[in-house]
Structure formats: structure tokens, C-alpha cells
Amino acid sequence: MKWSTGYLFTLREAPTDAEIPSHILMVRGGYMRKLAPGIFTYGPLLLRALRKFEGIVRDELNKRGAIEILMPMVQPRELWEETNRWTEMGDGLQKLKNRNGHDFCLGATHEEVVTDFVRSDVKSYRDLPVNLYQVQTKFRDEIRPRFGLMRGREFIMKDAYSFDIDNEGAQKSYKLMFEAYSAIFSRLGANFRVVQADSGNIGGNQSQEFHILADSGEDQLFVSEESDFAANSEVCPAIDSWVAKPPVDELPTEEFATPGLKTIDELAKSLKMKPNQLVKTLFFSASDDPKVIKPIAVVLRGGDEVNPIKLKNHFKLANAPALLNDEEVVKATGASPGSCGPVGLKIPVIMDNGMQKKQNYIVGANKDGFHLKNVNHGRDFTPTAFADLRMTKEGDASPDGKGKLKAYRGIEVGHIFYLGTKYSAKMDAKYLAQDQSQRPIEMGCYGIGVSRTVQAVIEQNHDKDGIIWPVSIAPFHVHLCVLDPDNAEVMELANRYYAELNERGIEVLMDDRTERPGVKFKDADLLGMPMRVNLGARGLQAGEVELIDRKTKNLEKVQPGATVEKIQAWFKEQMKKDAKN
């Protein structure tokens, strides 16, 4: 593409509503423009990068026997009600009515649609296994869209679904897709990690996420320093790395006044203790119906935080439980928040595992302005259960017993699930088995955020000057800066380079504008193509053309007649690396 006949408009200033580098650079580089919050128009350069990534995805899936289809974005309410997700998905599901008053939603995900598609065709075990995928636009009404394509409302996603006769077959499909995903993200040249994860509203009991590591990542990941263990903080088991003190004698319980002390920090300061030496009690509703309150108490150490996903999974809820408000806490305990504890409660009391060996601790007395000290579970109250309910911290023990955990930030770009029969059983998607019985199909679900991944690559690969594209998905491989477009000799050679390189499969963006070299260099760095070629009259007089590697900024001067061959050798080397990955 030539700049003069293309559609390229860069900006010098950062947009006011962009918070992270990739978002800023994509807007400044003209890669995208915001239409509405969380909704963007993709420019020609971004579209090229997206299509290249889609090509990698299709290549790896097709190699493994997956079959591409395309499902509707607009979906009828009736399908979603078969799985109860019309209400479970909450306000994130964008709902609408047609002119006849029928309810529909914009496709946030396609489990129901693909299950309906398969149940109408698959009848026998002979029809299985099958793996179907699509690359499709999706819409989720994010409460707070931000970070550009990272958390947008409209986005491009690849979703695949496997269908098998039994768990053994489903596990083979899951493993095959794991291998495909590993190959896909390796070909990007990105630094990524695979971690254990929560299945969320998709469901299922086996789930792994693929994360591109970046300082601005929304997810916190924990990775063992001595093994391959890795997990999202949402599900990472929290295990203390230190040994608990030996048990001591239980002391008599005493009530004492704590007027105006409502938080752990206030209490710790007053008692001259560390927050983790204290205990806090939090109150939630273990109900998926916001109109129904099922109060529960969660007890953990004062310096720990409740993990809402672990709490959701403990109670087998569809969504994380909501905290009770002040009025609801008073109704459940008889006291205001800050003065509440587990002693004497008539509601379920769940204690975090970190509390198991804790003794003679301080809790609220369920009496405004008072606390109890020397409280011991088993003697003063009986917990309903112990469970892993706290957020993991860096330095905790690795769950596999090998070393300690180190924290990273990651951007989730892929997620694979083993669903089992969650959808097939509810939607009556069955097949005739060899023993002539009707059985629900075993399913798996596999998603890649296509548009999110492309931005995540930028978030991981940039510098103060702009984007640094990997060759695999760069919109163009070479940025040819023509420094003297009014010079006939320069333009003749530039056009020859442009034609020859493109003929050899090396895609060229030619900047043939009548702009100053400094402007062109800044735009080239901003746009981030892997190699820049500087071609000008002064260089030709000296018998040299400049080749600049965008990532390393190494500059090499070559003879004009050797330029094309030199670039082709560089390109072949990059393709070899891609093939190895």
C-alpha cells in the first residue's frame, strides 16, 4: 500500500480517554477510531493485523480437523431460557425486541446456538466426534468499557466447540485444542502463560486461560518459581508458606469496649497489633436471586481478602455473592458492621483455611461498640465449614509443593473449557450409543479474543516511540520511507523495491508523501512495522540504503542493488522462527 493512495491518518497527541499504552498508540496510529464507548471502527492497518491473526488461528485449527461455520449474532430468547442463562448472564447480555415483540439478544457467546445446530443433525455415535468453530463479532454490554479493545463492548472472537461421545473423547479434544492454542500463541512470538482458571458463566469443571504477560494486565497470575504450576488469582489455592505456631492453652473469653472502632485498621492501631493478628467477619448473600437474601458469615484473618470467585464456587453459584448492606447485617447479627463476629450467629459460618490453627483471637461481639477476645472456634462457636476462601499472595506456597509463588500481570486472550453435559443435557442434545441408549453429548468450549489479542501484543511490544509489531501479524513487513519523492531516480528505485518485494510475498507500506524525513521517521516508529527502509537522494549518491530493525533499532547500510536480497534474507529468517514456534 502506498501512503498517498491509502487511508492513513496519524495523531501527534495522545487521546484523552486512553489509559494504557496500546490504546494510546492504536488511536494515535490511526489503527482505530471510537464510535461509542467500547465500540470502534477498525482502520485498514488494524484490519490487516486482525486478518493475519485470524489466518494463524484458522491454520492451526484446520490442521487439527476443526471445521469452520458461521452462526448468527442475533439469538432468540427461547434458546437461552433452555439453559437458564437468559437471567444468569445478567445485564451484560444486550437484549432487544423485534417488531413483533419477540425477545432476542446480541451474541455474547454461542454455546446455545451451536448446541441447537448440532442437536438437529447429530443422531448417532457414528456422527461424532466433531469440532466446529467460527470467527464472529460478539457484543457484551460491559458496565465500564475501557482500555480500547481490551474491555470493549463489541469485539471479534474465535469460538470453537467440540462434541464427543464420552469423557475420554472429550479429554482428547480438549488436549488437541490445548495444543492448537499453544501453537497459535507461540506463532505470535508473544510471552504468554497458561494458567488454571475459573469457568465463570460458561460452566464446566475444567478450565485453562492463556495470558499474554503485560504490566497493565487486568488479571493477576501466580506462577511457581520452581515448577510449571500457574493459576489465575481467581482460583489459585492459597497456602501459607510458613509453619503455624504450636498450639497454646485456650484463654477465657472476655468482652471489651471498642467505641468508634469499625475497621480492622482502626482496631489494629488501637490495640497496637498487626491486621493479620486480628480476625474479620464479612457477610454475604449466598443466592443468585437478588430478591432472595441467604445470609452467610465468612471469617478470615484481618490481613487477608475474600476471594469472591472461590466463595461463588464454594456455594455453587452462577455469580459472585453480593455483600450484605448495613441494614441486612444488623438483621442477621443484631449489630452494625464493624462490631460483628461469628459467636452466637444462627446463620452459616464459613472459615477460611488460614483460620484453622488460629487461637485466642479477637472478633466482634455482635453488640455495637464491643469486641470479644480469646475466642476459639470449636469452643465458642462451631463453623459450618472450612474452605479456601482468601486471595492468594505472592510468597505463598505453590500448591504442588514446589517452591513459592511469584505474581505476574496478564491479559487473558484465550480460554478453554471442558463443559461435560452442561448444555447438551439441558438442551436435549443426545446421540444413540452403541448399546442403543440415548446419551447426552460431551462438550468442550474454546475461545480466543481475536481483537483483544492483537491489542495485547501491542501492549507487550512497544516503546516510547510507538508499536513494535512481530512479523507474524504486522500489517506490513516493511515500511519504505521515500525521503525525496520529487527525485525521479529515488522514486524509480522505490517503485522497483515496492514491486519486487511484494512479488516475493514481502508486504510493503510505502511512505511517498512530500513530508520532511523527521515526520516520516516518527510515523514509521509509531506504526511499528518490523523493518524500515530509508531511501533518499543523499544515500543513493553515497551508494547506500538504510535498513533499520524496529525492535532493536539496529541500522545497517547496504548497496542499492543488494537491498531486495538483504530484506528477503531477513524475511526468510523471521519465517523460520515462526515455523519453529
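A helix axis here is a line fitted to the C-alpha atoms over the stretch in contact, and angles run from 0 to 180 degrees between N-to-C directions. Keep that in mind for the first views of this predicted model.

**View 1. Helix 2 and helix 11 cross each other.** Helix 2 covers residues 44-63, and its axis comes within 10 Å of the axis of helix 11. The two axes cross at roughly 110°. Angles of 65 to 115 degrees count as roughly perpendicular, so that's the label this pair of helices gets. As for handedness, the crossing is right-handed.

**View 2. Here are the residues where helix 2 and helix 11 touch.** On the helix 2 side, look for Leu46, Ala49, Leu50, Phe53 and Glu54. Their partners on helix 11 are Val450, Ser451, Thr453 and Val454. Sort the contact residues by class and you get six nonpolar, two polar and one charged.

**View 3. Now for the largest cavity, with a volume of about 60 Å³.** The structure holds four cavities of 30 Å³ or more. Which elements give two or more residues to the lining of the largest cavity? They are strand 21 (405-420) and helix 11 (450-460). Strand 21 provides the largest share, three residues.

**View 4. Zoom in on the lining of the largest cavity.** Among the lining residues are Ile20, Phe147 and Met150, along with the run Ser216, Gly217, Glu218 and Asp219. Gly410, Ile411 and Glu412 also line the cavity, and so do Arg452 and Glu459. By class, the lining has five charged, four nonpolar and three polar residues.

Notes. Residues numbered from 1 in each chain as written. Predicted model: local features only at pLDDT ≥ 70, side-chain atom pairs only at ≥ 80, totals over all residues. Heavy atoms only, no water. 1 Å grid on protein atoms, 1.4 Å probe; cavity = no way out; pocket = protein on both sides within 12 Å on 5 of 7 lines; lining within 4 Å. Points joined across faces, edges and corners; volume = space filled by probe spheres on them. Helix = DSSP H or I, 4+ residues; strand = E, 2+ residues; numbered from the N terminus. Nonpolar A, V, L, I, M, F, W, Y, C, P; charged D, E, K, R; others polar. Parallel < 35°, antiparallel > 145°, perpendicular 65-115°, else oblique. Left-handed = near helix turned anticlockwise from the far one by under 90°. Contact = heavy atoms within 4.5 Å.
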